[in-house]
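Visitor: I have a few questions about this structure. Please show it to me before we start.

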Amino acid sequence: MTKCDKFLIILVLIVSIISIIIIGKATSNYDTTYAEIYVDGNLYKKYSLDKNLNEVVTIETKHGKNIIEIEGYNVRMIESSCINKLCIKQGTIHKQGQLIVCLPNKVVVQIIGKNSSSDLDTISY
Amino acid sequence: MDRTKKYTFLALLTTGALALSAIESMIPLPFIAPGAKLGLANMVILSVLVVFGFRSALYVSILRCFLFLMIAGNPIGFIYSLSGGISSVIVMFVVFKHLSKFFSLIGVSVFGAITYNTAQIAAASIILENLNIFTYLPVMSIMSLFTGCFIGYVSIFIVRYLKDIVKNNKRG
C-alpha cells in the first residue's frame, strides 16, 4: 500500500463522514412530516404524518405489488413482490429525508419535512 | 500467448467472475444500504485489466453482467451492474495507466469500487426519477473503501500468479 493509497482512503473517509453529518443535520428539526409515495417517478399518494394515523396502502402496478404500512410517524414496507426484498429490510423510517426504495417495482417512499411556524430558528441582535 | 489460448483463458476467467458473483449473492450481509455488496467479481476484472489490458477487461465485465442476468433473472439489477461495471472498468483503466506511479492496485480497486457505486446510484436515480437516492452515496462509499481495499489486496496476489501463467504459456 503506497502513501497515495492511504491518502485516498483517508480523504474518502473524511468526505463521506462529513456528508453523512451534513445530511443528518439537514434532515432534522421539522414540525410536520409527510410521507410521499412515488411510483414510476410520479407522486402516487401523500400522507401528513400524525400520531393517530394508521393506514395500510396497497400499490399494484405492472411492476409488482407493494404494501406499505403507516403507523403514527413510522412508515415501513410490509410486503413486496420483488425478488430481493431489500425494501422490507430497510425497516421503519420516520425522519425527514429517509427513504424506502424498491428498485424492481419502482416504488419510492420518502419523508418530507416542513416547518409550519417560521423559516427562522432564532433571531439575534 | 496466441489468440485462441488468450480467448480460452479469458472465457475461463469470465466463468470465474460469474461464479464469484453467484457465490456472493448467497453470502448474507448485514443490511447497511440497498445494493451494498462485496464485489468479488471485481477481483477478476481488475486482474484481467492488469494482465490482459483494457479491452479484455471491458469484455469480461460486460459478459459477466449478461451471464449473471441469466442466472439471477433480475433485469433491473442488470442495468445497475452493467452501468457500474462499464464505468468502473474505464476509471480503473485510467487510474492504472496514468496514475500507477502513485497508486498500487489497492488504490485502483478503491477507485473502481467508488465509481461502481456512484454509477449504480446515478442509474437508480435516473430510473426512479428521484435525486434523494444520492443520500445513500456516503454510506456506500465508506462500504466501498473496505471492499475495495480487500479486493485490491487479493488482486495483487492473483496478478502475480496470472502473469506467471501467461509467461510460461508463451515459452511452451
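Visitor: Which residue follows H5(B), and what is the value of its phi?
Guide: This is a predicted model. H5(B) is followed by B:Glu129. The phi of B:Glu129 is positive, near 55°.

Visitor: How many residues of H5(B) are buried?
Guide: H5(B) is largely enclosed by the rest of the structure. That follows from its count of buried residues, which is 20 of the 24.

Visitor: Which element gives the most to the side of chain A that touches chain B?
Guide: In the contact between the chains, 26 residues of chain A meet 23 residues of chain B. Helix H1 (3-26), helix H2 (86-89), strand S7 (99-102) and strand S8 (107-114) of chain A each supply at least two residues of that side of chain A. The most, 10 residues, comes from H1(A).

Visitor: Is A:Lys106 buried or exposed?
Guide: A:Lys106 sits in the loop between S7 and S8 of chain A. Its phi is positive, about 55°, although A:Lys106 is not a glycine. The cut-off for burial is 20 or more other C-beta atoms within 10 Å. A:Lys106 has 23 C-beta neighbours inside 10 Å, so it counts as buried.

Visitor: What is the mean pLDDT of chain B?
Guide: In chain B, 94% of residues reach 70 or more. The mean pLDDT of the chain is 86.

How values were computed
Residues are numbered from 1 along each chain as its sequence is written. Chains are lettered from A and ligands numbered from 1 in the order in which they are written. This is a predicted model: local features need pLDDT of at least 70, side-chain atom pairs count only at pLDDT 80 or more; totals for chains, interfaces and linings use all residues. A residue is buried if 20 or more other C-beta atoms lie within 10 Å of its own, exposed if 12 or fewer, and partly exposed in between; C-beta atoms are placed from the backbone. Helices (H or I, at least four residues) and strands (E, at least two) are DSSP runs, numbered from the N terminus. pLDDT is the predictor's confidence in each residue, from 0 to 100. Two residues are in contact if their C-beta atoms, placed from the backbone, lie within 7 Å.
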